[in-house]
Amino acid sequence: MFLIDCETHLWPPMDDMAYYPNFKKYVDGMAEYQRSRFLQFSRGPVDLEAPGIKEKYEASVKAVRARAHSSAQADVESLIRSMDEAGVQLSCVIPEGMIDLTHGHRVRSTNGWVAKEIAKYPERLIGVANLGPILKRGVDLAIYELEHLVKEKNFKGCKLYPPDEGPPNCRELWPFYEKVRELGIVLFVHTGISWCPPGLSAPCHPILLEEVCIDFPEIPIVAFHMGYPYSTDLNLLAAKYPNLYVGTSLLPRMAFGYTRKAQELLGEALVLVGDDKLIWGTDWSGSLIGHKDAVEFLKTIQISEAVQQDYHYPPISQTTREKWAGLNLARILKIKVPN
Ligand SMILES: [Zn+2]
């Protein structure tokens, strides 16, 4: 199976940021999500005593808390190791912005640093720029930087992170989208909830992509995280606009236990959007979930007969899995799939 992860992140240690009040909120908020994801994706209160669940829960909370320490980072060697363990051929690598964590002082990782890291594995890693906050820095600068990264560093996409940026339908971003179109690259957008305090969630609602889809039909737009919890909104929008794709990064992380909820999310996307526009990814960022678990999820998740009957969803076929795993993303990134 040809696997391309649509979303991975690299970042250096963040201990120099750990004393900022917003950083503390971020760690607390993320730890809370590690707990609440079990609530959201289960059919009832989570049984932490169930085999394997308590260990996964405790390990993920510990990993989030460790982000305040100098030893924690998402380095390129760990990423390659994680990909190798699971047989993942390629990953898109995105710098982490989240400039509010330091009250505007520094981003978690710069494009230049990520470009240097991924240059160590040019056959495995694909650069995706994160230019935010574009409007605060100035659209001209973002355009200059994007062009540099695409032409000089071979980046193949860019990511918009609305918690840093504001709503994607802000007209001042139009010159930026024009450059994305001209460069022929993919636009990735964080959609759904903003998982990291203090970033706001309202600008991440997938419905805000509609005007971008209308004015820039040539740009392939991948909405990360299935727009969760606005997944139906995203699916209906993607059904309407051929250039809007549904990225499933985060789903495996959220769906330990292969829950009914995960089956429903995938089933609805398959029916409304179709398997030509489903894009697989992990949101790997050093810990929390390795590629092994995520690939196992991709290869084995099935929509149960009960869910198929309740909603008239189809089962997940091998052809669908292969498109979802990498063939769809290869097509829009213009990457040749090895025979
Ligand atoms: Zn993400």
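How many nonpolar, polar and charged residues are in the lining of the largest pocket? By class, the lining has 9 nonpolar, 2 polar and 5 charged residues. Here Ala, Val, Leu, Ile, Met, Phe, Trp, Tyr, Cys and Pro count as nonpolar, Asp, Glu, Lys and Arg as charged, and the others, Gly among them, as polar.

Ground rules next. This is a predicted model, where local features need pLDDT of at least 70, side-chain atom pairs count only at pLDDT 80 or more, and totals for chains, interfaces and linings use all residues. Residues are numbered from 1 along each chain as its sequence is written, and side-chain values use heavy atoms, with hydrogens and water left out.

Back to the pocket. Its volume is about 280 Å³. The lining takes in 16 residues, and Ile 118, Pro 122, Leu 125, Lys 153 and Asn 154 lie nearest the centre. Helices (H or I, at least four residues) and strands (E, at least two) are DSSP runs, numbered from the N terminus. The pocket search runs on a 1 Å grid over the protein atoms alone. A pocket is an open set of points where a 1.4 Å probe fits, with protein on both sides within 12 Å along at least five of seven lines; lining residues have an atom within 4 Å of a point. Points are joined across faces, edges and corners, and the volume is the space filled by probe spheres set on them.

Now the zinc ion. Which residues are its protein donors? They are Glu 7 (OE), His 225 (NE2) and Asp 283 (OD), at 2.1 to 2.8 Å from the ion. Donors are N, O and S atoms within 2.8 Å of the metal (3.2 Å for Na, K and Ca); water is not among the atoms, so sites may look incomplete. The sequence spacing reads E-x217-H-x57-D. Glu 7 sits in strand 1 (residues 4–10), and Asp 283 sits in the loop between strand 8 (278–279) and helix 13 (291–300). That pair links distant parts of the chain, 276 residues apart.

Stay with Asp 283. Its phi is positive, about 65°, although it is not a glycine. Most residues other than glycine have a negative phi, and most peptide bonds are trans. Is Asp 283 buried or exposed? Asp 283 counts as buried because its relative accessibility is 9%. The cut-offs: buried is under 20% relative accessible area, exposed is over 50%, partly exposed is in between (1.4 Å probe, protein chains only). Glu 7 is buried as well.

Ser 249 belongs in this picture. It lies in the loop between strand 7 (244–247) and helix 11 (251–254). With a relative accessible area of 0%, Ser 249 is buried. Its side chain makes a polar contact with the side chain of Glu 7, at 2.7 Å. A polar contact is a pair of N or O atoms within 3.5 Å; within protein, one must be able to donate a hydrogen and the other to accept it, and residues adjacent in sequence count only if both atoms are side-chain atoms. Setting aside neighbours within four places in sequence, Ser 249 is in contact (heavy atoms within 4.5 Å) with residues including Glu 7, His 225 and Asp 283.

Next, backbone geometry. Gly 132 and Pro 133 are joined by a cis peptide bond, omega about -10°. Pro 133 is in the loop between strand 3 and helix 5 (134–137). The bond from Pro 197 to Pro 198 is also cis, with omega near 5°. Pro 198 is in the loop between strand 5 (186–190) and helix 9 (210–215). Lys 334 has a positive phi of about 60° and is not a glycine. Lys 334 follows helix 15 (318–333). It counts as exposed because its relative accessibility is 62%.

Last, packing. Ile 134 is in helix 5. It counts as buried, at 1% relative accessibility. Ile 134 touches Leu 173 and Phe 176, among others. Phe 176 is one of the buried residues in helix 8 (residues 174–183). What covers the buried residues of helix 8 includes helix 5, helix 6 and strand 4 (157–160). Just after helix 8, Gly 184 takes a positive phi of about 70°.
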